[in-house]
Amino acid sequence: MALSTSAASTTALKTLLLLLLLCVSAAIYIENDAEELPKSDVDLLEFPLNLEYLEAEFFSWGAFGRGLDRLAPNLAMGGPPPIGAKKARLSPIVKDIIAQFALQEFGHLRAIKKTVPGFPRPLLNLSAASFATIMNNAFGKPLMPPFDPYANDINYLLASYVVPYVGLTGYVGANPKLQSSTAKRLVAGLLGVESGQDAVIRALLYERAMVKVLPYGYTVAEFTNRISMLRNKLGKGGLKDEGLIVKPAQGAEGRIAGNVLAGDKFSLAFDRTPEEILRIVYGSGKENKPGGFYPKGADGKIAKSYLADVVKYRG
Ligand SMILES: *[C@@H]1O[C@H](CO)[C@@H](O)[C@H](O)[C@H]1NC(C)=O
């Protein structure tokens, strides 16, 4: 009787020890999994958070009239609320699509932060004036009245043309620099959906390519060409951006004018470096001169390394 009790308790003890060992090794394994990411992968994965925050807020405000602070407060990590974002006047179908984009962006923020520490939402200038400035620069003169991204479907889609595409060129550019399979898997997943969003926006605009944007008298196609040319100019990386209608030599196989998707001579997506992206989203053409959508600059090690340069020069 005494013997069997002690045998039973030994077995129980052994089982307990085994369980404990399993738990500890599982914990070590999980921890290692996160720690195994090379530092350069962490930086390259954190950089796009800047754009994902912008898209999340712009789409969420546009469709729902509220942003991360109301709908997913944890994701903002205490960063300041965006300036001037508001609900757009959208038709039911466009609103439905933008609502989906907004929630997709929330997912992207979660996915990135599950993999790397991340940083709080940077200050974003999503005011109508911020978009109006881009359009004025694209046309090389002030549009009158100032362009309002929140006014209607076409304006909102044109404003949306400005953003996800820049993110997607960034993912294409980041991919060959990544070392870990975890980071590559994440970037492929983000790239797939970002380019899907860009394709939807472009297709909706393409349907209206010859429609004049009121009251300016320029067509939708012309707006996209101007915005793309501005991005090429600001990015200083050559031709990496194309509007909806191009010279046939610039289209797929060098023989078609319709350009519902942008791509190089092999119809492969263009790539951009973080520096090129910062020059564009700051609107300044300089990776160390914040402005545009990011009045105080973007966050993360890569963007901050350029801001630090400026401080050093000033000091
Ligand atoms: C937001 O952008 C507009 C247009 O460039 C500018 O006039 C305004 O001062 C900006 N707001 C902030 C807080 O930077």
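This is a predicted model: local features need pLDDT of at least 70, side-chain atom pairs count only at pLDDT 80 or more; totals for chains, interfaces and linings use all residues.
Of its 315 residues, 41% are buried. Among contacts with a separation of 6 or more, 66% are between residues 24 or more positions apart.

Helix 6 covers residues 92–115 and contains 24 residues. The distance from its first C-alpha to its last is 35 Å, close to the 34 Å expected at 1.5 Å a residue. The buried positions of helix 6 are Val94, Ile98, Phe101, Ala102, Glu105, His108, Leu109, Ile112 and Thr115. These buried residues pack against helix 2 (39–46), helix 3 (49–64), helix 5 (73–76), helix 8 (153–161) and helix 10 (181–207).

Helix 10 contains 27 residues, and its first and last C-alpha atoms are 39 Å apart, close to the expected 39 Å at 1.5 Å a residue. In helix 10 the buried residues are Ala183, Leu186, Val187, Leu190, Leu191, Glu194, Ser195, Gln197, Asp198, Ile201, Arg202 and Leu205. Their cover includes helix 2, helix 6, helix 8, helix 9 (164–174) and helix 11.

Two residues of helix 3 were examined individually. Tyrosine 53 lies in helix 3 and has 30 other C-beta atoms within 10 Å; because the cut-off for burial is 20 or more, tyrosine 53 is classed as buried. Beyond its neighbours within four places in sequence, tyrosine 53 contacts Leu109, Arg121, Pro122 and Leu124; of these, Leu109 is also among the buried residues of helix 6. With 27 other C-beta atoms within 10 Å, serine 60 is buried. Apart from residues up to four places away in sequence, serine 60 touches Arg66, Gly67, Leu68, Leu71 and Ala102, and Ala102 is listed among the buried residues of helix 6. Serine 60 and alanine 88 are 28 residues apart along the chain, and their C-alpha atoms are separated by 10.0 Å.

Helix 7 (residues 128–139) and helix 11 (residues 220–235) have axes that come within 8 Å and cross at roughly 90°. Helix 7 is therefore roughly perpendicular to helix 11. Helix 7 contributes Asn137, Ala138 and Phe139 to the contact, and helix 11 contributes Arg226, Ile227 and Leu230. By class, this contact of helix 7 with helix 11 comprises four nonpolar residues, one polar residue and one charged residue.

The ligand is surrounded by Ile83, Asn125, Ser127, Ala129, Ser130, Thr133 and Pro295. The shell around the ligand divides into three nonpolar and four polar residues, with no charged residue.

Backbone geometry was also examined. Most residues other than glycine have a negative phi, and most peptide bonds are trans. A cis peptide bond is present between methionine 144 and proline 145, with omega about -10°. Proline 145 belongs to the loop between helix 7 and helix 8. Another cis peptide bond runs from leucine 214 to proline 215, with omega near 0°. Proline 215 occupies the loop between strand 1 (212–213) and strand 2 (218–219).

Methionine 77, which is not a glycine, has a phi of about 50° and lies in the loop between helix 5 and helix 6. Methionine 77 has 16 other C-beta atoms within 10 Å and is partly exposed. Lysine 236, also a residue other than glycine, has a positive phi near 55°. Lysine 236 is placed in the loop between helix 11 and helix 12 (274–281). With 13 other C-beta atoms within 10 Å, lysine 236 is partly exposed.

How values were computed
Residues are numbered from 1 along each chain as its sequence is written. A residue is near a molecule or strand if its C-beta atom, placed from the backbone, lies within 6 Å of it. Ala, Val, Leu, Ile, Met, Phe, Trp, Tyr, Cys and Pro count as nonpolar, Asp, Glu, Lys and Arg as charged, and the others, Gly among them, as polar. Axes are lines fitted to C-alpha atoms, for helices over the stretch in contact, and angles run from 0 to 180 degrees between N-to-C directions. Helices (H or I, at least four residues) and strands (E, at least two) are DSSP runs, numbered from the N terminus. Angles under 35 degrees count as roughly parallel, over 145 as roughly antiparallel, 65 to 115 as roughly perpendicular and the rest as oblique. Two residues are in contact if their C-beta atoms, placed from the backbone, lie within 7 Å. The expected span of a helix is 1.5 Å times one less than its number of residues. A residue is buried if 20 or more other C-beta atoms lie within 10 Å of its own, exposed if 12 or fewer, and partly exposed in between; C-beta atoms are placed from the backbone.
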